[in-house]
Amino acid sequence: MNWTDLIRDINLQEYVVSAGYKYMPKKSTPKWKVYSNEVTDDVITIFRHSDSGNLCYKNLREESDKGNIVNFVMNRLGGFVRPNTNKDDYIRVAEILKEYLNLSDDQKCIYRQQISKDEPVVEKNADEQFDYAQFNSQNITSVKSVDYLTNRGIGKSVYAAPIFAGRIVLVNPVWDFSDGRQTKVETESRVGFPLTYEDRVVGLEIRYPDRKFFAQHTNREQGMWYSNFRRNVSILCVGESPIDCISHYALSNDSYKKKLCYLATMGQPSNCHYDIVLDYVKVHEIKKVLLINDNDEAGQFFNVRFICNILKRIITISVTPPSLGRFEFEMAMSNYTQTKCKSFLKIVDSYNEKIAGECPSDESESLFPNGEKQIKHLYSLENKKLSLSLPYSVEPINMLCNFLIGLNLTKFKLSVQHSEGKDWNEDLKNKQGN
């Protein structure tokens, strides 16, 4: 049995229950299940990966603790949360997961019953839709100051700009209880970002000082957040969150701002989102799509996934989700792209030579041969196929991203802009702190 089988055959949600994690209904949504552990004092959210369909998790208190069930066990071998990349420990992880698979059906049934008890299934009408009117939204420009935004470095001159009119609102959150209790409407207003689809509000992201939620019945499959479209706009900026889009706008100079409009996918884009973006580009005659995602592995991998999903309408191309610190890329080469692939492989060879000559900076890095950090490739003129296995780290991800952009296969220009820090909001706050 290999890792893929273990990830597929063991339900992560059931496994965390067996490990002593407790469900947190008040913080959970239909798609994002939140669990906490009193012993390790960590809080995780479990969700289904949009590409692979596998259950994954993120630790809300330790950013580097995330991934699939293999990562979950790997990072808890010592009885506490410790991000771990020791190759020898994978043997122990395999043993633990195989032991779990060999549990009796009666024991596994206990964990399944616990999940069913925690999350009662509520029958919903097939035509149930998001009702924006119940949130009593008001124009954000009607108040003198919005603490949540000013604390993020976003002043009224920015959030009240015409480009964001009606796209940032104050709402009274509404929550329906599945156990028959009366609907709860909060009295304190919160910042909300409406998600729209076909000019209709189909959802809402609600921001609290320390967390964010999607309102119940939000359509995240099709809905995205948009700025207003204005005349003479030629550049569509695509980010993960409205906050980063607004921060990017605040950091841009006045002449450049006139060319910009924004779109936020609100996290991992669905398969529908790529088609919607392409339609938006076509309808508004966008000349350039600028990706402004977070300047880390996850954000830059978002760029690669986005570009691959755009290009797969033109060429045969694929990229797999990261697993055990690597991901796979494959592309069929045409006569046009073959020359560019050869040039790219020269860059890959230079990168690998550099990695081979590096000395480990600490003891943990010395556990890995430098070959594990290199890009492995199979290049065949006969089948005209480029296959790469890449480490999941920023530099090789960016190299692949630049190569894909350089193919120039789209009618509009594709480009990436990196923030100096982790994201654009961090850049904005740093600028104001200087």
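1. Two strands are taken to pair if DSSP finds at least two bridges between them; helices (H or I, at least four residues) and strands (E, at least two) are DSSP runs, numbered from the N terminus. The model is predicted: local features need pLDDT of at least 70 and side-chain atom pairs count only at pLDDT 80 or more, whereas totals for chains, interfaces and linings use all residues. Residues are numbered from 1 along each chain as its sequence is written, and side-chain values use heavy atoms, with hydrogens and water left out.

2. Strand S11 (residues 200-207) pairs with strand S12 (residues 212-214) in the antiparallel sense over 3 bridges, and Glu205 has Phe214 in S12 as its bridge partner. The hairpin that joins S11 to S12 passes through 4 residues.

3. S10 and S11 also run antiparallel, joined by 7 bridges; Val191 stands opposite Arg207 in S11. Their hairpin has 2 residues between the strands, and Glu198 in the turn shows a positive phi of about 50 degrees. S11 is largely enclosed by the rest of the structure, because 6 of its 8 residues are buried (under 20% relative accessible area with a 1.4 Å probe, protein chains only; exposed is over 50%, partly exposed in between).

4. The second largest pocket has a volume of about 390 Å³. Glu198, Asp199, Tyr226, Tyr280 and His284 are the closest to its centre among 15 lining residues. On a 1 Å grid over the protein atoms alone, a pocket is an open set of points where a 1.4 Å probe fits, with protein on both sides within 12 Å along at least five of seven lines; lining residues have an atom within 4 Å of a point. Points are joined across faces, edges and corners, and the volume is the space filled by probe spheres set on them. Helix H10 (271-283) and strand S10 (190-197) each supply at least two lining residues, and H10 gives the most, with 4.

5. Asp294 lies in the loop between strand S16 (288-291) and helix H11 (297-311). Asp294 counts as buried because its relative accessibility is 14%. Leaving aside residues up to four places away in sequence, its contacts (heavy atoms within 4.5 Å) include Glu240, Asp244, Lys422 and Asp423.

6. The whole structure holds 21 aromatic pairs. Tyr208 and Phe213 form an edge-to-face pair, 5.9 Å centre to centre with 85 degrees between the planes; Tyr208 and Phe213 are both buried. Rings of Phe, Tyr and Trp (its six-membered ring) pair if their centres lie within 6.5 Å, with planes under 30 degrees apart stacked, over 60 edge-to-face and the rest tilted.
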